[in-house]
Amino acid sequence: MITREQLALVIAEKLNGVQVVDMHTHLFPADFTGLLLWGMDEILTYHYLIAEYFRYSQQPYQEFFQLPKAKQADLVWRTLFVERSPVSEAQRGVLTILSRLGLDVGARSLDAYREYFRSLALAQHVDNVFRLAGVQAAVMTNDPFDAQERELWQRGVQGDPRFKASLRIDPLVLSYPQAAKVLQAEGYAVDGTFSGNSAAEVRRFLRDWALYIDALYMGASLPANFSLSPDSLSTRVLQEAVLPTCRELGIPLALMLGVKRQVNRGLGLAGDSLGKAEIGVVEQLCAEYPENRFLVSMLSRENQHELAITARKYRNLMVFGCWWFLNNPSLVEEITALRLETLGLSFIPQHSDARVLEHLIYKWEHSRAVIGQVLVKKYAELLETGWPVTEEEIERDLIQLFQGNFQTFLAR
Ligand code: HDL
Ligand code: ZN
């Protein structure tokens with residue numbers, strides 16, 4: 001049995017040993033030419049850092065975005081790292097990456113860091129990053145509506161077994177008339193009003209893609225004001241095409257709720273914000289579609305308690321991650337504690353949402369540290385009741401949290 005004094009060390013050790021299955025990222029294998037982002041300039045021009053750069057800069061947005069990426073990175077480095085202490089989560093993340101790669105963070109030399117990345121062979125670097133991050137597999141966000149990615153899949157890519165696929169279908173749900181044009185061009189007999197044989201043809205499109213890429217789940221990010229109004233195209237596409245195809249293929253639907261896209265168009269990817277979404281949408285889907293399984297993450301802190309309680313009501317609902325604006329230590333701590341208190345071990349504590357390869361290092365290092373602290377408190381509370389806790393049981397529980405719950409939910 002472990003003593004209270006040993007707990008922190010044992011949990012840290014077991015956490016560092018557990019391999020995670022990262023169930024939502026924007027990463028790609030090296031052979032998805034042009035889609036895998038990596039290296040110092042991509043790290044520094046991550047849209048989180050660009051939003052933070054413009055907190056201090058009055059530079060016209062377009063002037064910045066028209067600069068070569070290295071020049072954008074120079075500006076971000078000077079503004080957020082040289083002229084001020086990099087205390088934000090995304091800023092600290094850059095330093096965690098450099099430190100874990102064995103670089104001299106104290107040197108503060110962007111030239112030296114760029115030199116290191118120039119020296120790398122990408123295949124070995126991918127291996128090294130996965131090893132340092134303790135990531136066993138990363139689920140991609142595969143978008144059949146993105147012409148560049150569609151072309152890669154149709155040309156045929158080798159892929160990499162560490163990178164799993166998911167089928168991302170936002171346009172189909174949120175802007176069906178435009179999405180229908182892509183399906184028509186791909187030979188699916190759909191029309192722009194989702195009439196006639198369109199539902200069956202959309203199901204054929206979803207089935208073809210999900211099987212072709214071997215999607216673990218279908219995913220969509222829905223706005224904060226999304227509702228299931230009966231006569232809306234979005235609701236009909238979900239009810240008549242997406243949900244039936246998920247049932248037919250036996251895969252979950254992942255819903256990421258609460259985004260407000262492009263509240264500031266000038267910021268590009270950094271221009272999205274958030275809003276409190278309607279938990280009733282989650283309740284309604286879980287209740288009305290008991291044969292479907294739903295992976296759900298919500299973007300607003302204000303949705304977290306009701307999401308956890310809703311998961312207590314529906315076993316076809318699996319809560320996942322501290323998504324995007326929630327992926328900050330103070331909120332990861334609060335949300336993880338809330339979930340352990342209300343859901344026990346029946347949730348997926350985190351995903352990285354990594355956009356740049358090296359994000360895997362910092363996002364998992366920072367998350368493991370915070371989740372570990374919360375777990376120490378929870379296991380200590382067990383010890384205080386006289387319940388013995390063993391190393392084997394802690395390892396069992398961590399494997400369930402960081403890979404088992406996801407894999408079991410997929411396999412049902
Ligand atoms: O819609 C999503 O999957 C979000 O994660 C967006 O990609 C967002 O821009 C992001 O990268 N968040 O971390
Ligand atoms: Zn994402």
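**Stop one: the largest pocket**

Select His 26, Leu 37, His 47, Leu 269 and Arg 355: of the 36 residues that line the largest pocket, these lie nearest its centre. H3 gives the most, with three residues. The space in this pocket comes to about 990 Å³. Colour the lining by class and you get 15 nonpolar, 10 polar and 11 charged residues.

A few words on terms. This is a predicted model, where local features need pLDDT of at least 70 and side-chain atom pairs count only at pLDDT 80 or more, while totals for chains, interfaces and linings use all residues. Residues are numbered from 1 along each chain as its sequence is written, chains are lettered from A and ligands numbered from 1 in the order in which they are written, and side-chain values use heavy atoms, with hydrogens and water left out.

- Pocket: on a 1 Å grid over the protein atoms alone, an open set of points where a 1.4 Å probe fits, with protein on both sides within 12 Å along at least five of seven lines; lining residues have an atom within 4 Å of a point.
- Volume: the space filled by probe spheres set on the points, which are joined across faces, edges and corners.
- Helix: a DSSP run (H or I) of at least four residues, numbered from the N terminus.
- Classes: Ala, Val, Leu, Ile, Met, Phe, Trp, Tyr, Cys and Pro are nonpolar, Asp, Glu, Lys and Arg charged, and the others, Gly among them, polar.

**Stop two: the second largest pocket**

About 300 Å³ of space lies here. Pick Tyr 48, Ala 51, Glu 52, Trp 324 and Phe 325, the closest to the centre among the 16 lining residues. H3 turns up again, giving the most to this lining with four residues.

Key. Helix = DSSP H or I, 4+ residues; strand = E, 2+ residues; numbered from the N terminus.
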